[in-house]
Amino acid sequence: MTELMRQSNEGFKYNQIQAIQNLTKENLEDEIFKRGPVVAIFGGQLGDEGKGKVTSQFKNVDYVAVGPGGGNAGHTVVCTNGKSIALHELPGGAIIENAKVYMGQGRSVNISGLYKEIRELEENGYNMKNKIIIAGNAQIIFDNLQKKLDRIIEGLKSKKVGTTAKGIGPTAALKALRTGPNFNILLNDNPDQLNEFMKVNCNLFNGLNIDELMKEIQEEKELLQNLIDEGYIQIDSTNMILNQAAHENKRILIELSQSAMLAADGGMYPYNTSNDTSVNGAMSALNLPEVNTRIAVFKSIKSKVGGGFFPTKFEDEEFAENYRKKSGEYGATTKRPRDVGHIDTVEGRKVLKTNRTDIIVFTKTDLLKELGTNAKIGEKYIDQRDGKEYINEIPATKEQYENIQVEYSSAFDLSKDIIGIQNPEDLPEEYTKYIDYLFDKLEFDGNVLLGTGPCPQEFMVYK
Ligand code: IMP
């Protein structure tokens, strides 16, 4: 490095965040899109942070885009008629009026599942015609292929990943093997390629049945063709519609599935999902060169489904069960009870250091009340054998995880009820202390929004 280059780097702070000044509830959406047309909402913990609810609050967007992942993600959205429905194939933002839904080339779609959700939304008053665009390169999930393999692979493992059984891992694997079915290939006039792919798959993997599979493929193809003919689905064969829209400065809201920590390379391998569910993954999954504003969603307690490690898990199972019941911590896709525990800033700092983040939405702040005088923040892990501290990184092995102890902040008394509070000045002092302490520990200088209740208007711009 020359002296001149060294000097020009002086004072440069890698990953510097510029908070939006004078952000209010009223100007929020416009201020966010002033930074550029592409905004991404991603999970900061282990999924289920409430991303779908955050996206569905946006009103003035041209596209809601979903990148990596598929029906493994579930989000409960509240329709305008008050009914709650769980979406899996579609993003929570599918209920935004006039916004098109774009499912990118990195997405995996089950056609029947998508059809059911289109019908359910229509039955609840949403017009789904001319709304959904699917990239031609998006993979298709079939019951008799990837979902079956997901169950077989889990069944063979002694330590289960605890997948959602939606076929996500096998879909990623078949795509990497270049024998996975995608929309362009399914709709191709020449069926030879698809037939050959399926023959190879059935030869490779025990337990698949070529006749059942080809029958299902034929049925799903007919269903897809009907949805296309009736104007429900448009296939973007060159995968460039969203890219074009970004270059025309159309407003694009990306709703990521799962979380940065569950990404294929994100955290606790092998207890992760099989796609890159970080913001970087969204860019390649959607064919976009840039994301202008990144919004991480964190929940006030941490929750987790499936196998793996959970250092800050509540120790007392009765306390955990009580919290779970009060806050409804059950999987939207599988209905499994989620493990619950204290917020963990070790994982949090790792996520924020590896995913530039402009805004954090901190959901379910009102539910901290259920922790009463026992609200603590996980600050670091310490290996009991040699005193090694984990501050910005997580352990790499099972053995390390089994030997760490979490060092917590002292407990805060958050027993006061804050439900529905929408101004920072109205928060009890203990809450302000807690929030300031937490974001200081997360080393986060961007904007912070706090969710304070289940209704859409129950949130505040904290800073
Ligand atoms: P898969 O994505 O179904 O293969 O599951 C892999 C891991 O990710 C398992 O631990 C799942 O419980 C977890 N996982 C997948 N999707 C979600 C989600 O939407 N929320 C929370 N965890 C998820």
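## Exercises: contacts, burial and helix packing

**Exercise 1.** Leaving aside neighbours within four places in sequence, which residues is Q105 in contact with? And is Q105 buried or exposed?

*Solution.* Leaving out those sequence neighbours, Q105 is in contact with A135, N137, A138, K175, N239, S284, A285 and N287. Keep in mind that you're working with a predicted model. Next, find Q105 on the chain: it sits in the loop between strand 5 (100–103) and strand 6 (108–109). Now the burial step. Buried means under 20% relative accessible area. Q105 has 18%, so it counts as buried.

**Exercise 2.** Work out where I295 lies, and which residues it touches beyond those up to four places away in sequence.

*Solution.* Start with the element: I295 belongs to strand 11 (residues 293–299). Then check the accessible area: at a relative value of 2%, I295 is buried. Setting aside residues up to four places away, I295 touches I32, V39, A40, I41, F42, F58, I359 and V361.

**Exercise 3.** How are helix 5 and helix 6 oriented to each other?

*Solution.* Two packed helices are described by the angle between their axes and the distance between the axes. Here, the axes of helix 5 and helix 6 (residues 168–177) come within 7 Å and cross at roughly 115°. Angles of 65 to 115 degrees count as roughly perpendicular, and that's therefore the label for helix 5 and helix 6. Their crossing is right-handed. Helix 5 brings L145, Q146, L149, D150 and I153 to the contact, while helix 6 brings I168, P170, T171 and L174. Sort them by class and you get six nonpolar, two polar and one charged.

**Exercise 4.** Now do the orientation of helix 5 and helix 9.

*Solution.* The axes of helix 5 (residues 143–156) and helix 9 (residues 210–229) come within 9 Å, crossing at roughly 120°. Helix 5 and helix 9 are therefore oblique to each other. On the helix 5 side, the contact uses D143, N144, L145 and K148; on the helix 9 side, E212, L213 and E216. By class, this contact has two nonpolar, one polar and four charged residues.

**Exercise 5.** How many disulfides does a search of the whole structure find? Then classify C202 and C455 by accessibility.

*Solution.* The search finds zero disulfides. C202, at 18% relative accessibility, counts as buried. C455 has a relative accessible area of 32%, so it is partly exposed.

Notes
Residues are numbered from 1 along each chain as its sequence is written. This is a predicted model: local features need pLDDT of at least 70, side-chain atom pairs count only at pLDDT 80 or more; totals for chains, interfaces and linings use all residues. Side-chain values use heavy atoms; hydrogens and water are left out. A disulfide is a pair of cysteine sulfur atoms within 2.5 Å. Buried means under 20% relative accessible area, exposed over 50%, partly exposed in between (1.4 Å probe, protein chains only). Helices (H or I, at least four residues) and strands (E, at least two) are DSSP runs, numbered from the N terminus. Contact means heavy atoms within 4.5 Å. Axes are lines fitted to C-alpha atoms, for helices over the stretch in contact, and angles run from 0 to 180 degrees between N-to-C directions. Angles under 35 degrees count as roughly parallel, over 145 as roughly antiparallel, 65 to 115 as roughly perpendicular and the rest as oblique. Ala, Val, Leu, Ile, Met, Phe, Trp, Tyr, Cys and Pro count as nonpolar, Asp, Glu, Lys and Arg as charged, and the others, Gly among them, as polar. A crossing is left-handed if the near helix is turned anticlockwise from the far one by less than a right angle, and right-handed if clockwise.
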